[in-house]
Amino acid sequence: MNKPAQRASIPTHGRDPVDDRELVTAAQRGDRDAFKTLFERYHRRAYALALGVIRHPDDAMDVVQEAFIKAHKYLDKFEGNASFYTWLYRIVMNLAIDHLRKHRKVKPVELDENRIEPDGDEPLLPRILGGNPGQALMDKQIRTRIDQALEQLSENHRSVLVMRELEGLSYEDMAQAMSCSKGTIMSRLFHARRNMQKQLLDLLDHPSAELIDDLTGGSAAAANDGADAPAAEPTSRKPATAARSQSR
Amino acid sequence: MSRPTSSPTDLELMEHADGERDDAELAALLERDPDARAKRDAIQQIGELVRGHLELSADAVHDARFAAMWRRVDGQLVSPATSLWSRVAAWFDRYRGHVITGAVSAGAVAALALVLRPGVSDLAGHVDMRPVALRSTPEIDSVDTPGGSSTVINLDDEDGHAAVIWVSAADSDPEAI
């Protein structure tokens with residue numbers, strides 16, 4: 001299968017997976033420092049996954065903590081066929097889904113689970129958010145709107161979207177992880193994306209004065225150009241990718 | 001999924017954007033269709049936004065919170081080398097032969113103790129004395145009767161075989177019997 005060049009790769013932090021295996025082997029022998037190194041490598045990534053699915057920061061922290069304890073407990077079961085993180089994210093994902101099930105207030109109704117041809121009513125829109133999503137993410141209002149849009153997705157739609165966008169899982173892998181068919185995964189992913197797009201496009205079609213200021217660095221003249229990338233970013237702001245690489 | 005003919009469907013575009021569909025014909029259609037390209041780009045941009053937002057959210061968590069998390073994790077770790085189960089498993093591996101021999105011996109002793117315990121040794125009380133049908137009919141030719149005489153009459157008919165035994169005392173008066 002081809003992977004589009006435009007898609008940003010999942011950060012690997014430039015580490016050799018063999019290195020992880022050595023740490024796992026050492027941790028299996030009881031080396032706590034080795035396990036701590038694994039924790040330090042992957043705790044934020046695991047947290048991002050849990051947060052994306054659960055949406056509650058404290059609960060996401062609890063899930064990540066439990067996931068690492070569980071990973072250590074069953075470390076002797078880890079055979080090294082997959083990478084340590086692949087194994088860890090499955091634990092995180094299972095715990096996150098369990099958490100949602102336990103704390104579910106309303107039984108979700110997925111009306112579109114088996115719809116494979118979603119073009120009938122609401123197709124995807126050929127609209128994009130300016131030219132640079134990294135710059136858009138510097139805007140607090142857009143971040144808030146992304147948060148709200150994720151919140152409004154059903155658990156299943158959100159889980160699939162997060163697995164796909166954050167971990168880059170294939171449809172087949174997601175179907176296996178969620179115990180459903182590949183068609184169901186495609187349907188969920190399509191509707192999740194379409195709903196996200198609807199939420200975000202509303203913001204762009206009717207931008208507030210504050211958002212225009214944010215995106216244009218205060219230049220009113222640029223407001224007429226819509227929500228494209230700002231002409232001048234405040235110096236304190238960094239593109240998302242730069243912010244990520246610096247913090248890791 | 002059918003191959004694209006004039007304009008790719010949204011699902012085909014999504015598969016292409018996700019790297020699930022490597023299709024030269026679809027790629028050619030995309031080259032000619034700016035609307036389809038814009039949709040594909042929009043799909044990819046949603047991914048960028050979601051991923052970037054979640055990673056920035058994770059990065060925004062202060063290191064101290066994860067340090068505290070590690071302390072809690074560390075406090076609950078059971079070293080694989082010292083866990084109870086590991087120690088039991090290691091001990092069993094080392095003494096496997098002794099354990100199996102001991103278990104078999106103990107089982108045998110327990111079985112004996114069960115059989116020989118008071119009250120169970122009175123086996124006669126448990127003997128089944130009901131008559132059973134014999135596989136072959138017994139045949140009697142003669143009966144030894146000291147101090148008397150006997151006559152054996154074997155009868156065979158369609159119902160089977162029967163033996164009639166007549167015993168009489170040697171000096172008894174037949175009339176008195």
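The model is predicted. Chain A has 11 helices and 0 strands, while chain B has 6 helices and 2 strands. In chain A, 37% of the 248 residues are buried; in chain B, 19% of the 177 residues count as buried.

**Chain make-up**

- Read from the N terminus, the elements of chain A run α-α-α-α-α-α-α-α-α-α-α.
- The elements of chain B, read from the N terminus, run α-α-α-α-α-α-β-β.
- Among the contacts in chain A with a separation of 6 or more, 68% are between residues 24 or more positions apart.
- For chain B, residues 24 or more positions apart account for 21% of the contacts with a separation of 6 or more.

**Helices H2 and H3 of chain A**

- Helix H2 of chain A covers residues 32-54 and helix H3 of chain A covers residues 57-73; the two pack at an angle of about 140°, with their axes 8 Å apart.
- At that angle, H2(A) is therefore oblique to H3(A).
- The crossing of H2(A) and H3(A) is right-handed.
- On the H2(A) side, the contact is made by A:Phe35, A:Phe39, A:His43, A:Ala46, A:Tyr47, A:Ala50, A:Leu51 and A:Ile54.
- On the H3(A) side, the contact residues are A:Pro57, A:Asp59, A:Ala60, A:Met61, A:Val63, A:Val64, A:Ala67, A:Phe68 and A:His72.
- Sorted by class, the residues in the contact of H2(A) with H3(A) are 14 nonpolar, 2 polar and 1 charged.

**The loop between H2 and H3 of chain A**

- A:Arg55 lies in the loop between H2 and H3 of chain A.
- Although A:Arg55 is not a glycine, it has a positive phi of about 75°.
- A:Arg55 has 17 other C-beta atoms within 10 Å, so it is partly exposed.

**Other loop residues of chain A**

- A:Ser179 sits in the loop between helix H8 (171-177) and helix H9 (182-205) of chain A.
- The phi of A:Ser179 is positive, at about 55°, although the residue is not a glycine.
- A:Ser179 counts as exposed because it has 8 C-beta neighbours inside 10 Å.
- A:Glu122 belongs to the loop between helix H4 (84-102) and helix H5 (133-136) of chain A.
- With 13 C-beta neighbours inside 10 Å, A:Glu122 counts as partly exposed.
- A:Glu122 and A:Asn195 are 73 residues apart along the chain, and their C-alpha atoms are separated by 9.8 Å.

**Helices H1 and H3 of chain B**

- The axes of helix H1 (residues 10-17) and helix H3 (residues 34-59) of chain B come within 9 Å and cross at roughly 55°.
- H1(B) and H3(B) are therefore oblique to each other, and their crossing is right-handed.
- In this contact, B:Asp10, B:Leu13, B:Met14, B:His16 and B:Ala17 of H1(B) meet B:Ala36, B:Lys39, B:Arg40, B:Ile43 and B:Gln44 of H3(B).
- The contact of H1(B) with H3(B) has 5 nonpolar, 2 polar and 3 charged residues.
- H3(B) has 26 residues, of which 19 are buried, so this helix is largely enclosed by the rest of the structure.
- At 1.5 Å a residue, the 26 residues of H3(B) should span 38 Å, which agrees with the 36 Å between its end C-alpha atoms.

Definitions and conventions:
Residues are numbered from 1 along each chain as its sequence is written. Chains are lettered from A and ligands numbered from 1 in the order in which they are written. This is a predicted model: local features need pLDDT of at least 70, side-chain atom pairs count only at pLDDT 80 or more; totals for chains, interfaces and linings use all residues. Axes are lines fitted to C-alpha atoms, for helices over the stretch in contact, and angles run from 0 to 180 degrees between N-to-C directions. Helices (H or I, at least four residues) and strands (E, at least two) are DSSP runs, numbered from the N terminus. Angles under 35 degrees count as roughly parallel, over 145 as roughly antiparallel, 65 to 115 as roughly perpendicular and the rest as oblique. A crossing is left-handed if the near helix is turned anticlockwise from the far one by less than a right angle, and right-handed if clockwise. Two residues are in contact if their C-beta atoms, placed from the backbone, lie within 7 Å. Ala, Val, Leu, Ile, Met, Phe, Trp, Tyr, Cys and Pro count as nonpolar, Asp, Glu, Lys and Arg as charged, and the others, Gly among them, as polar. A residue is buried if 20 or more other C-beta atoms lie within 10 Å of its own, exposed if 12 or fewer, and partly exposed in between; C-beta atoms are placed from the backbone. The expected span of a helix is 1.5 Å times one less than its number of residues.
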